[in-house]
Amino acid sequence: VLDKLMLEWNFGDGGIFERVSNTDRKLPLDFREHPLSIMGIQAVDMLGLIDNLNIPKEKLCQLMLQIESKYKSRVEVPYHNALHACDVLHACYYFVYKTYLHTLLPDVTLFALMFGASIHDVAHPGLNNSYHVNAMTDLAIRYSDRHVLEHYHLSLGFQILRREDCDVTAALSKVDRKVFRELVIEMVLATDLINHFDVNDQFKDSILHDHTPKNHPPNLNRNFDGAVEPDTNNGNTKLINNRVICSMLLHCADVSCVAKAWPIYEKWISLLFEEFHRQGDEEKRLGLEVAPFMDREKSNPADAQQVFIKFIACESLELLTTWLPELQDPLMTNLEKNFSMLQQLADEHKSSGLDNKDKIVNIGAPKHLSEDELKDGV
């Protein structure tokens, strides 16, 4: 059943929230308890990487369980938890499998993408980079204010990987191990939204150029050497382009909840803004300037998500689906519907004549979610 659900963009009716609910009967109980681990193992297996890369299955299981155990609980961190990582991992798998990228990208690249998706937010504290920098936390000091959380996730992820009982890369050559590490580092750093425009520009310059559907129709002959000239210093064009591709895939997967069916997206919004509002509460407590959209007394989630879609998510997803037209539906179809729904909610909010703190707009309501709501995905 799991392999079929993984080929559905929404992951079945109700999405990931329904799959981990106490009422779902599509998947075994193990999935409710360890969704990221089971999704990761299944994805690696279905991509043929266990056999192709000589990955010991017992070590893969231990690796995924250790990674998942480092994520904070859904009660502690409402959004950036293992369920989000599972959702992002599923999106990455869907991108490569539904478009036949899995037959074209090297096995090491595919495995790096699955591992990168798994660790990209590991141990996220529920407080973003700007908070850490402004509060001068230990993490900000350790990583010199640069991509604080992304460096933290990478460091912890590779610490887990280097454990003898978790090292699934032992059979790789030194060259492949180096490539694997470089790819993972590049793509996880790309999830920092401060890199959004650079990721998009690199993708346009090295991948989309001369690879539009008109000039390069979708088929199994896509050339991943791209349109850039070979690097005369090291002849590493293909590796460079694989880095750009993986960075774009993970970046798009990370923001892809905006392109899920509305009932699923609506739940993600509520969880995201519960986390945002908690950060705003902490910033007020410390006397720090409250980050945009974080003030539970002032934030309007519908407006905020329109801004996010318009200036961040839409551009990236449009670039990806231009290159991979097979993803246009459902991604862009859902995105347009969701944007319209947000506009409707925002208009209703404004016409109500009430302040944000007095008006609940269905999503991201300025209230504290209960522990049961957090566990159930609202």
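**Close-up views of a predicted model**

View 1. The 23 residues of α16 should span 33 Å at 1.5 Å a residue, and the end C-alpha atoms lie 31 Å apart, which agrees. The expected span is 1.5 Å times one less than the number of residues. Helices are DSSP runs of H or I, at least four residues, numbered from the N terminus. A kink of about 50° is centred on I309 in α16. The bend at a residue is the angle between axes fitted to the seven residues ending there and the seven starting there. The model is predicted: local features need pLDDT of at least 70, side-chain atom pairs count only at pLDDT 80 or more, and totals for chains, interfaces and linings use all residues. Residues are numbered from 1 along each chain as its sequence is written, and side-chain values use heavy atoms, without hydrogens and water.

**View 2. The largest pocket.** This pocket holds about 1200 Å³ of space. It has 43 lining residues, and N128, L193, F276, M294 and F308 are the closest to its centre. Elements giving two or more residues to the lining are α9 (129-135), α11 (148-161), α15 (262-285) and α16 (301-323). A pocket is an open set of points on a 1 Å grid over the protein atoms alone, where a 1.4 Å probe fits, with protein on both sides within 12 Å along at least five of seven lines; lining residues have an atom within 4 Å of a point.

View 3. C61 counts as partly exposed because its relative accessibility is 26%. C166, at 0%, counts as buried. Buried means under 20% relative accessible area, exposed over 50%, and partly exposed in between (1.4 Å probe, protein chains only).

How values were computed
Grid points are joined across faces, edges and corners, and a volume is the space filled by probe spheres set on the points.
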